[in-house]
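Please have the structure open as you read.

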Amino acid sequence: MICIPWIRGASIDRKLCYTSLRSKTFSLEPFSRFPIPSNDSLPADVQTTFQETKKKAGFVPNVFKALSYRPDELKAFIQYYDVVMDEKGNLTKADKEMIIVATSAVNSCLYCIIAHGALHRIYSKDPYLADQVCVISVPGRFAAGKK
């Protein structure tokens, strides 16, 4: 199955999928190879966390959804992130997200670049800086003809 993002409004909530390359049939139904629990089957505190996250960031990261399969691990993951992002010290949340974006670029993790780039844009209110940091972090990677 080959999928591309299907954009509805301002959020990507479905994927346009080839269910058969030969017949070129399509499906708009979301799919996953990993069992993602439905929101109503999650503990109440996880549902609340997802609602708060969506309100703050505009989306619930897929890593949260995947970790919701094991709610205690999800809570530990979120608690760790909250401790790291605490604004004690000299770095702002935007500064910390910028460091995460640069690290993600060096590690070639497109998922993390996109997720933390979105958070950096929210915290810094700068729509371009995260993308610039990503490109500068790995010179030549995004040059024409290179993958």
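Which residue with a positive phi follows H4? In this predicted model, the answer is Ser108, with a phi near 60°.

Now step back along the chain to the helix itself. H4 covers residues 93-106, 14 residues in total. From first C-alpha to last, H4 reaches 20 Å, close to the 20 Å expected at 1.5 Å a residue. Its buried residues are Ala94, Lys96, Glu97, Val101, Ser104 and Ala105. As you look at them, keep in mind that an α-helix has 3.6 residues a turn, so residues three or four places apart point the same way.

H4 also leads us to a pocket. The second largest pocket has a volume of about 790 Å³. It is lined by 26 residues, and those closest to its centre are Phe64, Tyr81, Asp82, Leu119 and Tyr123. Helices H1 (44-57), H2 (62-67), H3 (71-85), H4 and H5 (110-124) each give two or more residues to this lining. Domain 1 (38-87) and domain 2 (90-138) each supply at least three of the lining residues. By class, the lining has 17 nonpolar, 4 polar and 5 charged residues.

Finally, let's see the whole chain. The protein has 6 helices and 3 strands, and from the N terminus on they run β-β-β-α-α-α-α-α-α. Of its 147 residues, 21% are buried. Among contacts between residues at least 6 apart in sequence, 35% join residues at least 24 apart.

Definitions and conventions
Residues are numbered from 1 along each chain as its sequence is written. This is a predicted model: local features need pLDDT of at least 70, side-chain atom pairs count only at pLDDT 80 or more; totals for chains, interfaces and linings use all residues. Side-chain values use heavy atoms; hydrogens and water are left out. Helices (H or I, at least four residues) and strands (E, at least two) are DSSP runs, numbered from the N terminus. The expected span of a helix is 1.5 Å times one less than its number of residues. Buried means under 20% relative accessible area, exposed over 50%, partly exposed in between (1.4 Å probe, protein chains only). On a 1 Å grid over the protein atoms alone, a cavity is a set of points where a 1.4 Å probe fits but cannot get out, and a pocket is an open set with protein on both sides within 12 Å along at least five of seven lines; lining residues have an atom within 4 Å of a point. Grid points are joined across faces, edges and corners, and a volume is the space filled by probe spheres set on the points. Ala, Val, Leu, Ile, Met, Phe, Trp, Tyr, Cys and Pro count as nonpolar, Asp, Glu, Lys and Arg as charged, and the others, Gly among them, as polar. Domain bounds come from an automatic or database domain assignment. Contact means heavy atoms within 4.5 Å.
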